[in-house]
Amino acid sequence: LDDVIAVTSPDFARIEEAMHRSVRWLDRCIAAHQYPERQNLFCIVQGGLDLDLQKKPRYVMGVGYSEDLVVSVALGADMFDCVWPTRTARFGNAVTSTGTLNLRHSSYASDFSPIDEGCTCVCCKPASAGGLGLTRACIYHVASKETAGAHLLSMHNVHYLLNLMRRIREAIIEGRYPEFLKKYFGTLYAGKKDRYPGWAVTALQGVGVDLMED
Ligand SMILES: [Zn+2]
């Protein structure tokens, strides 16, 4: 299954061999699939980049941070999966529109603002709106003693990333993805363009989006 050759390889015979290995694995998965009512098979073809497959959905494994997602989408990626939102939650980290906050830091011990202002996840949403209305201070105190802190942050982080992908889809459909990217980086780095990662600026320039212009 996991026959990954160098993505820049020009050896199409080798790419085809890897593809057939993936397809044989799929045949075995279908034969072993016992619970179609509660499990889905997610098929991917590994093996290399073939420009003849431009019309197929592109799936990027193990990515990633929110800035990785917004840039990869601009470069043509459609789907992602990653352990990061839940793994980083176990270290007390909250993913927010202004960056990742470590809520185990004592500076949050009496910070009674939501994990991420305006977030509509069940943890951040006010109790008056049917949510838990949890504060950064609450997570700080829970996370140091209970694994429940990691669970709550996982719920927030996964919601943040799913909602980010929803906002990305809306921006693309409405034809304003370049503006979305500029605003996203502006918020994430508090308008400080000298802090933008060089790889993101360069990658987006390659598809005609200049983060440095206003
Ligand atoms: Zn939230």
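The protein chain has 7 helices and 4 strands, where helices (H or I, at least four residues) and strands (E, at least two) are DSSP runs numbered from the N terminus. The model is predicted: local features need pLDDT of at least 70, side-chain atom pairs count only at pLDDT 80 or more, and totals for chains, interfaces and linings use all residues. Residues are numbered from 1 along each chain as its sequence is written, and side-chain values use heavy atoms, with hydrogens and water left out.

**Overall layout**

- Read from the N terminus, the order of elements in the protein chain is α-β-α-β-α-β-β-α-α-α-α.
- Taken along the principal axes, a box of roughly 60 × 50 × 30 Å holds the C-alpha atoms of the protein chain.
- An unreviewed UniProt entry lists residues 55-186 as "domain: tRNA-guanine(15) transglycosylase-like"; UniProt positions are given in the numbering used here, feature names are shortened, and annotations may be inferred rather than shown by experiment.
- Residues 55-186 are 45% helix and 11% strand, and the end C-alpha atoms of this span lie 32 Å apart.

**Packing around helix H2**

- Axes are lines fitted to C-alpha atoms, for helices over the stretch in contact, and angles run from 0 to 180 degrees between N-to-C directions.
- Helix H2 (residues 66-74) and helix H7 (residues 198-205) have axes that come within 9 Å and cross at roughly 15°. H2 is therefore roughly parallel to H7, given that angles under 35 degrees count as roughly parallel, over 145 as roughly antiparallel, 65 to 115 as roughly perpendicular and the rest as oblique.
- The H2 and H7 crossing is left-handed; a crossing is left-handed if the near helix is turned anticlockwise from the far one by less than a right angle, and right-handed if clockwise.
- Between H2 and H5 the axes come within 11 Å and cross at roughly 25°, which makes H2 roughly parallel to H5. This crossing of H2 and H5 is right-handed.
- H2 and H6 have axes 11 Å apart and pack at an angle of about 165°, so H2 and H6 are roughly antiparallel to each other. The H2 and H6 crossing is left-handed.

**Second largest pocket**

- The second largest pocket holds about 240 Å³ of space. A pocket is, on a 1 Å grid over the protein atoms alone, an open set of points where a 1.4 Å probe fits, with protein on both sides within 12 Å along at least five of seven lines. Grid points are joined across faces, edges and corners, and a volume is the space filled by probe spheres set on the points.
- Its lining has 13 residues, and those nearest the centre are Leu69, Phe80, Asp81, Leu161 and Leu162; lining residues have an atom within 4 Å of a point.
- Strand E2 (79-81) and helix H5 (148-173) each supply at least two lining residues, and H5 gives the largest share, 4 residues.
- By class, the lining has 10 nonpolar, 1 polar and 2 charged residues. Ala, Val, Leu, Ile, Met, Phe, Trp, Tyr, Cys and Pro count as nonpolar, Asp, Glu, Lys and Arg as charged, and the others, Gly among them, as polar.

**Backbone exceptions**

- Most residues other than glycine have a negative phi, and most peptide bonds are trans.
- The Val63 to Gly64 peptide bond is cis, with omega near -5°; Gly64 sits in the loop between strand E1 (59-61) and H2.
- Ala190, not a glycine, has a positive phi of about 50° and is placed in the loop between helix H6 (177-188) and H7.
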